[in-house]
Amino acid sequence: MVSILIAAYNVSQYIERCLRSLEIQTFKDFEVIIVNDCSIDSTKDVISSYLKKSSLQAVVIDLDENQGPSFGRHTALAKAQGDYFYCIDGDDWIEPDAIEKLYNKAIEKNYDIVACDFYIDTGQSKNPVEMKEFEPTKIQYNNVAGNWSVVWRHFVKTSFAKGHDLIKENKLNGGEDYLLINQLSLFTTSIGYVRKPLYHYFVKNTTSIMKSVNMQALADQFKATLYIENIVKTKNRPDLTEALNFRYLYLKKEIFKMSLKAWRKWKPDANLFRFSKNNSLKDKIVFLILSFFSKFL
């Protein structure tokens, strides 16, 4: 059996599409565990209404307060009875043969993890994202580098995941996928790959793929990356040093972008005084550079 874990928060417009994609799966031996993370829209009612007329074997866990996706996933995983589990976000959906293909690949060589390709889907168009290299060490490298290191593109053996003392940073507001999937993939080289897009990652428009993050989310991204850096060092994996540097370079870019946005949007009237005689020449040059680059955001 397979456990399908769904994190749902304010996805009333999309959760039925997600559940419908499960109901038409060619593979039927699965359970569904839905964690409703204290949604403030009608997500709970939509789920309840759909399940009443559905044949899905589903359990719904309603949290009393919003805890974030990390807490939701670990809560669902603790309840999972399947030999394998697969995480789906409530606003996304999967191909009809997704679970069948992932499961068959997993049992082919008793893999701990099976990765797959996916679609970036706007509802009007879909673009496949494919792995260029899919040997286990390359998958580990890409995950550490932050190259789509998301939980939902990985099908995981439940006993393998529960056999490790996973770090549960439940209050992370960013980097929760990065932390979880890197912990899992760094503990094994038993990683298979299905060369077909099976998951639909839904975005309202292509510009929202790189979502802007707030300062807390960015701090949490750094926190998650530090955890993984420590694991990389503990496991003596110098081959992943470059991947970590790519990850930190991305985060540094986000800091720079956030600083420019703050310069442009926060208290903009203050910017009128950047060339005041009270500022040093050095500060005037810095303010001039900030003014120039902020125009591109």
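These are my notes on what I looked up in this structure, which is a predicted model.

**Cysteines.** I looked for disulfides and found zero. Cysteine 18 is in none, and the nearest cysteine sulfur, that of cysteine 87, is 12 Å away. A disulfide needs the two sulfur atoms within 2.5 Å, so I left it there. Cysteine 116 is likewise in no disulfide, with the sulfur of cysteine 87 as its nearest, 12 Å away. I then checked burial: cysteine 18 has a relative accessible area of 0% and is buried. Cysteine 116 is buried too, at 0%.

**Helix 2.** Which residues of helix 2 (residues 43-52) are buried? I listed Thr43, Val46, Ile47, Tyr50 and Leu51. On the face turned away from the buried side I found the exposed residues Asp45 and Lys52. I looked up what covers the buried residues, and the cover includes strand 1 (2-8), helix 1 (15-23), strand 2 (30-36) and strand 3 (58-62).

**Arginine 20.** This residue lies in helix 1. At 41% relative accessibility, arginine 20 counts as partly exposed.

**Strands 6 and 7.** Strand 6 (residues 113-121) and strand 7 (residues 126-129) run antiparallel and are joined by four bridges. Opposite isoleucine 120 I found asparagine 127 in strand 7. The hairpin has four residues between the strands, and glycine 123 takes a positive phi near 95° there.

**Aromatic rings.** I noted 18 aromatic pairs in the structure. Phenylalanine 118 and tryptophan 152 are one of them, edge-to-face, with 4.9 Å centre to centre and 80° between the planes. Phenylalanine 118 is in strand 6, while tryptophan 152 is in the loop between helix 5 (136-145) and strand 8 (154-157), 34 residues apart. Phenylalanine 118 is buried at 0% relative accessible area, and tryptophan 152 is buried at 2%. Tryptophan 152 also pairs with tyrosine 199, this time stacked, at 4.4 Å centre to centre and 10° between the planes. Tyrosine 199 belongs to strand 9 (residues 191-202), 47 residues from tryptophan 152.

**Charges over rings.** The charged end of arginine 17 sits over the ring of phenylalanine 202, 4.5 Å from its centre. For arginine 247, the charged end sits over the ring of tyrosine 178, 3.8 Å from the centre.

Note on methods: Residues numbered from 1 in each chain as written. Predicted model: local features only at pLDDT ≥ 70, side-chain atom pairs only at ≥ 80, totals over all residues. Heavy atoms only, no water. Buried < 20%, exposed > 50% of the residue type's maximum accessible area, 1.4 Å probe, protein only. Pairing = 2+ DSSP bridges. Helix = DSSP H or I, 4+ residues; strand = E, 2+ residues; numbered from the N terminus. Contact = heavy atoms within 4.5 Å. Phe/Tyr/Trp six-rings, centres within 6.5 Å; stacked < 30°, edge-to-face > 60°. Lys NZ or Arg CZ within 6 Å of the ring centre and 35° of its normal.
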